[in-house]
Amino acid sequence: MAVTRGLVLTEIFTYRPVSELSMSTQDISPYSCFLPVTFLAVPSGAVSQAVITRLNGGCFDFTGTVLVENMQINGRAQDPGRTISLTLLDNYDYWVILEPARQRLYLNSTGRVLDRDPPNYITTIVVQVQCTNELVGTVILHEVRIVVRDRNDNKPRFQQPRYYVSVNELTPVGTTIFTGFSGSNGATDIDDGPNGHIEYSILYNPNDPESNGTVRVGNTLSGHIVLAERLNYEERTRYLVLVQANDRAPYPPNRLTATATLTVDVLDGDDLGPMFLPCVLVNNTRDCNPITYRVAIPEFTEPSKLNPLNVTPPIRAVDMDRNIQPPSDRPRILYYILVAKSTDYGKAEQDNGHPLPAYADLIVEILDENNQAPYFEFASYQGYVSESSPVGTTISASANLSAPLGIIALDNDIEETKDPMLKISLDDYTTIFGLTPTGIIRYLRLLKPVDREKQMAYTFTMVASDGVQQSSPVTVNILVIDANDNTPTFAEVSYSVEVFTDMQPGETVLQLTAADADEGLNGLVTYEILAGAQGDFIINNRTGRITVAPGIILTVGRSYALTVKASDNAPQSQKRSSITTVYIEVLPPNNQSPPRFPLFTYNLEVSEAMRIGAILLNLQATDRENDPITYRIVSGDSQKVFNLSETIGLLLLGNPLDREITDQYRLIVTAFDGNPGGTSTATVNIVVTDVNDNDPAFNLSLTTNFTVREEEANLFVGHVLATDPDAGANGQVFYRIVNHPDLFVIGVNGSIYTRVPLDRELRGQYNLVVEASDGAVDPRRTSLTLSVQVEDIDDNSPVFSQQTYVVNVPENSPLGTVVLRLSAVDPDLFSNVTYRIKTESARQLFSLNSVTGDLAVLQALDFEDLAAMGTGASYIFQVEAVDQGGVMPPGQATVTVRITDMNDFSPIFRQTLYKGMVAPNAEKGTVITTVLAEDQDPPGTPASFVRYKVDLERSPYSGSIFDVEEETGRVITKVNLNEEPSVTFKLFVIAFDDGEPVKSNSTLVEITVLQPSRIPIFTEEEYR
């Protein structure tokens, strides 16, 4: 090692002679070789070249660095008068030159440097000075020992140009983070004493101004570095700390220094929680805007058909600590849903025992599934309307017309406070009545004037539909309330009648009848004679019968013209009336007057169930002359249904009645007293009333085989017709679906519709039983079976055999390798399923056979490229199954292709040669050096995990002495050493990974056994 020439401090001291002759004290003379025991220390000057010049007389002149100015040996060593002779012995390497005359010693450094430091290690120079007594011949040897003192001529030197340390950002302030300067790994100084002692400090680094405040030197002698400020990986990941090493020379200005860079890499610690994605930054900050996830779920849907839910955007969270190493230490993210009243909150937290949760809003919208049929609030409605009401009048709910009739139809699929927007249809009388189109409460309006005298009531059904499903029909009955819009009307404008003088008071003159089609008081007619009766005739105000007034005797030849008024009993302001004139002429009595029936017309109702022989009516007439009367039916009974007793005038039922054959009879009967002109007639109107004696009968000429399309409600299926010859309610026909009322509905006119959408894939044919019943209290029924075929439509999307496919594919698989076969079916009758890749980016990497569903790779897939992109070692994409020619959306499935690593890279050592040194007596387990290899396969994979072992085939002997730790790569002694110094061992070390297949590499480690003198040894076991 070259060292700058400097001052050398020498200390010269003498010992007793090595050998000497015995002599007495008196023999000692000033000329003897005796050297007093003295110590002399003289500083040497700069080491320089010694020059010897011969002078006149044979003497020499010496110049150079003087080691000993004068050894002070008794005697004279030069002529004339020489008493002693001086000679140097054992002057190894000739470092010393002797000038005998002056007893002076010089340093001989011609062309050399006297260096105490390595590699010369010249710490002392020892020579023998032989003194010969020329007078007596005795010889004395004197030993001269020159100690070379150290000069601070070497700078400290760091063993490495750069040092590295990794520190977790969570490390507390005050923690010692680096001890790498300890031992021989830090800075060394080959000078001796304080000049070789090292102390450390932190310098300001202009290239990294913050570094010197981040750390400090905890111990200046050991160089331990202590963390001074809290670290934050997210703000900064590396610090370049400038470390200075200086020696401890006593005089500070003479101290020498060296610097090295300590690279402090900040490791990511678990100080941040997860973050929901996507993250939209707030302005220029690192904070994310609050995120809201949304998902819509149809109600009443099986979870298996919904899961996984299609949340928008997809719920994802990442740990904001992006680089925690090793990856196995990174906490997983756990997801929770915290349910609130109106909004769900998503929570993501870590499973590391101190979770730092993040929150996001999750709005779950429940979509109404139209699975509830509408329904009316009531099963039937009764309304009222006056026949005098104008168009636009609202139908009333009561007969006093005080409140409107509200029709309420509800749908459980819609909130009760909202208008369900149902379509309500009437099966009849749609030109007379209309329904308001919107609103929770609907009202019936009059579209056309009604006339009670033409139709007293209207009965129809209503059905409510939401466009998919239909309610059960409800009956609406609207009663037309009478208005006094009819005037009592006589059958004739005037009447003429003859009376006889022998008529008794109270005898009938004429029966008047005025008809009023109104009802109630409006149709109740009263009669009065306004004028012309002259007190001889009176009229019954209820019946209209004109009779001879009491106590009156009619006079032959008188004539009367009676003005008779017929009035209804409506309120005075609405009262209506009419008049007629009755002309009466009084004739003399005679025997030619015919018998007289009490009434001209008889009206009679007879049940068709009346028994034979029953007396229906007494038609007995009176004859003024009391002649015997003969009764006879002259017309109206061609079937001889009735019997009229000839003598007493009783009308009897002779044969069964059948209203369905003849529902009314008009009989003309006569009463004959046997005299010419002695015949009177009367009319008997018989109405046959109905009994429920007939079943409804279907019209079998109509088809009973129907077809209907699937997947649509309110579709017309077909029509049936049943009739019942009975009258009134007994003859009204009502229809009912017997066996599938939840699927089909039938109207009052026999039209059949689908109540809900049918699904041919569930059932393709129905035997539908339809029942017809009449309206009697105890109705009669009949049924008919219909065949309904459900027509297929393209209403199903193809369905994959799995919603999610996962397949593992080795990287670098050959082009065209089939990795998966997809399968989908379409339940429709006629379908042609083909396959395609939906995700555009996946089409560059994979091909999908449209017919077979085979998924193949289009290009080589590299595991490492995927890992470098940070997308994970998987491709996730969507595939579709399409029904060619169909109209339904494609079926979809998710395919996850996991690329498995095939161990592309071998471990690579950082150095091709490692060198280490070890003491000859090192104990077992002593660390010699560390080898390090890196593998470029993706971190965290087995192929990237590097381990070490000794190559015993190439280094069998070295492998028996030394070993390498499998995981750390530290080379250690396998046994307690007992080796010769300076021996070098060659140890071959193999680095191998855990990939498939296993790949390896090797390096050479040269281990040298040190000389004992070069091994630092502490002089004490403990220092205090």
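Leaving aside neighbours within four places in sequence, proline 798 is in contact with Ala824, Val825, Asp826, Val833, Ala881, Val882, Asp883, Pro889 and Gly891, where contact means heavy atoms within 4.5 Å. Before we go further, please note that this is a predicted model, in which local features need pLDDT of at least 70 and side-chain atom pairs count only at pLDDT 80 or more, while totals for chains, interfaces and linings use all residues. Residues are numbered from 1 along each chain as its sequence is written, and side-chain values use heavy atoms, with hydrogens and water left out.

Back to proline 798. You can find proline 798 in the loop between strand E58 (781–791) and strand E59 (799–800). Helices (H or I, at least four residues) and strands (E, at least two) are DSSP runs, numbered from the N terminus. Is proline 798 buried or exposed? Proline 798 counts as buried, because its relative accessibility is 3%; buried means under 20% relative accessible area, exposed over 50%, and partly exposed in between, with a 1.4 Å probe and protein chains only. Threonine 834 is 36 residues away from proline 798 along the chain, and 9.3 Å separates their C-alpha atoms.

Let us step back to the whole chain. Its secondary structure comes to 5 helices and 76 strands. Of its 1024 residues, 41% count as buried. Among contacts with a separation of 6 or more, 66% are between residues 24 or more positions apart.

Now look at strand E76, which covers residues 1000–1009. Strands of a sheet pair through backbone hydrogen bonds, either parallel or antiparallel, and two strands pair if DSSP finds at least two bridges between them. Strand E75 (residues 984–992) runs antiparallel to E76, joined by 9 bridges; here isoleucine 990 has serine 1002 of E76 as its bridge partner. Strand E69 (residues 913–918) pairs with E76 in the parallel sense, over 6 bridges. In E76, valine 1009 stands opposite valine 918.

Threonine 1003 lies in this strand E76. Its relative accessible area is 4%, so threonine 1003 is buried. Which residues does threonine 1003 touch, not counting residues up to four places away in sequence? They are Phe909, Gln911, Thr912, Leu913, Tyr914, Val931, Leu987, Phe988 and Val989. One of these, threonine 912, has its backbone oxygen 3.0 Å from a polar atom of the side chain of threonine 1003.

Elsewhere, an open sheet of 3 strands has the order E5-E8-E7, with antiparallel pairing. Strand E5 (66–68) and strand E7 (96–99) each have a single partner strand and stand at the edges, so one side of each is left without a neighbour in the sheet. On average, neighbouring strands of this sheet are turned by 35° against each other, direction ignored. E5 and strand E8 (residues 104–107) pair in the antiparallel sense over 2 bridges, and valine 66 stands opposite tyrosine 106 in E8.

Finally, a word on confidence. pLDDT is the predictor's confidence in each residue, from 0 to 100. The chain averages a pLDDT of 84, and 90% of the residues score at least 70. Over residues 1–31, however, pLDDT stays under 50, and the model has 90 contacts beyond four places in sequence for this stretch. The pLDDT is also below 50 over residues 36–61, a stretch with 68 contacts in the model beyond near neighbours in sequence. Where pLDDT is low, the predicted coordinates should not be read in detail.

How values were computed: A polar contact is a pair of N or O atoms within 3.5 Å; within protein, one must be able to donate a hydrogen and the other to accept it, and residues adjacent in sequence count only if both atoms are side-chain atoms. Axes are lines fitted to C-alpha atoms, for helices over the stretch in contact, and angles run from 0 to 180 degrees between N-to-C directions.
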